[in-house]
Amino acid sequence: MKTCRLYLKPGKEESLLRFHPWVFSGAVATVEGTPDEGDVVEVYSSDRRFLGAGHYQSATIMVRILSFEPVETGPAFWNERIGRAYELRRSLGLAGQDAGSVYRLVHGEGDNLPGLVVDIYAQTAVIQPHSAGMHRDRRNIAAALRETLRDSLARIYCKPEGALPARTGMAGGNEFLFGEDGGDARVAVAVENGLTFRIDWMKGQKTGFFIDQRDNRALLERYARDRAVLNMFCYTGGFSVYALRGGASLVHSVDSSAKAISLTSENAAMNFPGDSRHEAFAQDAFRFMENIDGRYDLIILDPPAFAKHKDALRNALQGYRKLNMTALKKIKPGGIIFTFSCSQIVSRTDFRLAVFSAAAQTGRRVRILHQLTQPADHPVNIYHPEGEYLKGLVLQVE
């Protein structure tokens with residue numbers, strides 16, 4: 001088996017000595033050998049000190065470090081890493097408790113498996129590789145999932161489409177790695193905090209459901225009683241269903257995708273059959289909000305990422321300002337706004353400043369009641385602050 005080595009430029013080892021798990025292409029002086037996309041390579045300082053080993057790919061992030069010590073990435077490695085991730089979720093009361101549970105089993109760098117996401121929907125595990133190395137190792141990952149989850153697992157689906165960088169040349173198709181499509185099994189029925197959701201893990205966005213908003217949905221439920229609720233960018237209607245259970249007087253769900261609206265309506269009806277409080281609209285968010293003056297006193301703003309790379313940051317912040325300013329202008333006095341950014345490159349400070357600017361332009365008095373983030377099954381590696389991608393604020397508007 002070939003062993004390729006990367007040698008860094010002088011002084012570029014400092015981030016690895018602080019256990020940051022990324023090696024950028026600009027830090028690399030020479031490459032010894034000819035690594036293929038997804039190979040495990042060793043990284044050395046300019047004075048030939050071993051720094052770590054990780055997955056290689058020809059991209060800006062050239063190596064994602066799997067270990068800061070020499071390592072063999074055989075079955076024992078994958079069993080240990082995935083087993084450790086599972087034990088954390090079990091200790092949180094998310095795994096091993098309910099056959100219909102929904103949780104993130106592996107969260108990339110937060111679980112020392114950079115480039116890998118694994119979400120669990122009842123008996124289905126959905127793997128999403130974000131690097132060439134994790135895609136190449138998908139069968140080893142599947143074997144470790146079967147070893148860890150055993151009889152609670154009926155199928156494993158690998159979903160690289162839309163996640164793998166095209167430049168790797170490895171943008172393979174989605175596939176079953178264990179089990180198979182049992183007809184309607186492609187839409188899982190799973191339970192979150194006692195509420196039931198149909199999750200299209202085969203064709204839905206990301207892995208099918210935004211698990212990262214679980215705790216924030218539960219918080220919203222506490223604010224919903226007797227309020228008129230508007231859920232913008234509703235996707236599958238998670239916030240809407242929680243608002244209904246919280247006693248909202250009405251809940252309107254809006255998304256530009258007709259398919260998302262269909263699934264939202266199905267989720268609302270499954271939990272609250274025949275409930276006339278809910279209505280869903282397949283419309284553009286900004287256009288819908290033009291004519292909502294004083295109609296709602298609880299608004300959720302959970303848009304898709306406005307920026308996926310640094311070059312788009314300025315436009316993204318303008319988008320957040322515009323969206324929040326519209327909601328701040330039009331919400332009833334005394335209303336509550338749950339507002340979020342899921343863009344990794346938008347810092348917590350940048351997002352808060354965008355919302356502050358929006359509030360200042362409206363002239364309304366606004367207070368921050370909560371500062372929100374992702375739940376514990378989306379852990380943040382303390383040496384990799386970029387992993388804290390979800391930012392949220394709960395605002396009270398006078």
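This is a predicted model: local features need pLDDT of at least 70, side-chain atom pairs count only at pLDDT 80 or more; totals for chains, interfaces and linings use all residues.

## Helices α2 and α4

Helix α2, spanning residues 75–91, and helix α4, spanning residues 138–149, have axes that come within 9 Å and cross at roughly 50 degrees. The two helices are therefore oblique to each other, and α2 passes α4 in a right-handed crossing.

On the α2 side the contact is made by W78, N79, I82, G83 and Y86, which meet N140, I141, A144, L145, E147, T148 and L149 in α4. Sorted by class, this contact of α2 with α4 has seven nonpolar residues, four polar residues and one charged residue.

## Helices α5 and α6

The axes of helix α5 (residues 214–223) and helix α6 (residues 238–245) come within 8 Å, with a crossing angle of roughly 35 degrees. Here too the handedness can be stated, as α5 passes α6 in a right-handed crossing.

From α5, the residues N216, R217, A218, L220 and E221 meet G238, F239, Y242, A243 and R245 in α6. The contact of α5 with α6 has five nonpolar, two polar and three charged residues.

## Helices α9 and α10

Helix α9 covers residues 313–330 and helix α10 covers residues 348–362, and their axes come within 8 Å and cross at roughly 45 degrees. That angle makes α9 oblique to α10, and α9 passes α10 in a right-handed crossing.

The residues of α9 in this contact are L313, L317, Y320, R321, N324, M325, L328 and K329, and they meet D350, F351, A354, V355, S357, A358, A359, Q361 and T362 in α10. By class, the contact of α9 with α10 has 10 nonpolar, four polar and three charged residues.

## Aromatic rings

The structure holds 15 aromatic pairs, and one aromatic cluster is formed by Y7, Y44 and F50.

Notes
Residues are numbered from 1 along each chain as its sequence is written. Side-chain values use heavy atoms; hydrogens and water are left out. Axes are lines fitted to C-alpha atoms, for helices over the stretch in contact, and angles run from 0 to 180 degrees between N-to-C directions. Helices (H or I, at least four residues) and strands (E, at least two) are DSSP runs, numbered from the N terminus. Angles under 35 degrees count as roughly parallel, over 145 as roughly antiparallel, 65 to 115 as roughly perpendicular and the rest as oblique. A crossing is left-handed if the near helix is turned anticlockwise from the far one by less than a right angle, and right-handed if clockwise. Contact means heavy atoms within 4.5 Å. Ala, Val, Leu, Ile, Met, Phe, Trp, Tyr, Cys and Pro count as nonpolar, Asp, Glu, Lys and Arg as charged, and the others, Gly among them, as polar. Rings of Phe, Tyr and Trp (its six-membered ring) pair if their centres lie within 6.5 Å; planes under 30 degrees apart count as stacked, over 60 as edge-to-face and the rest as tilted.
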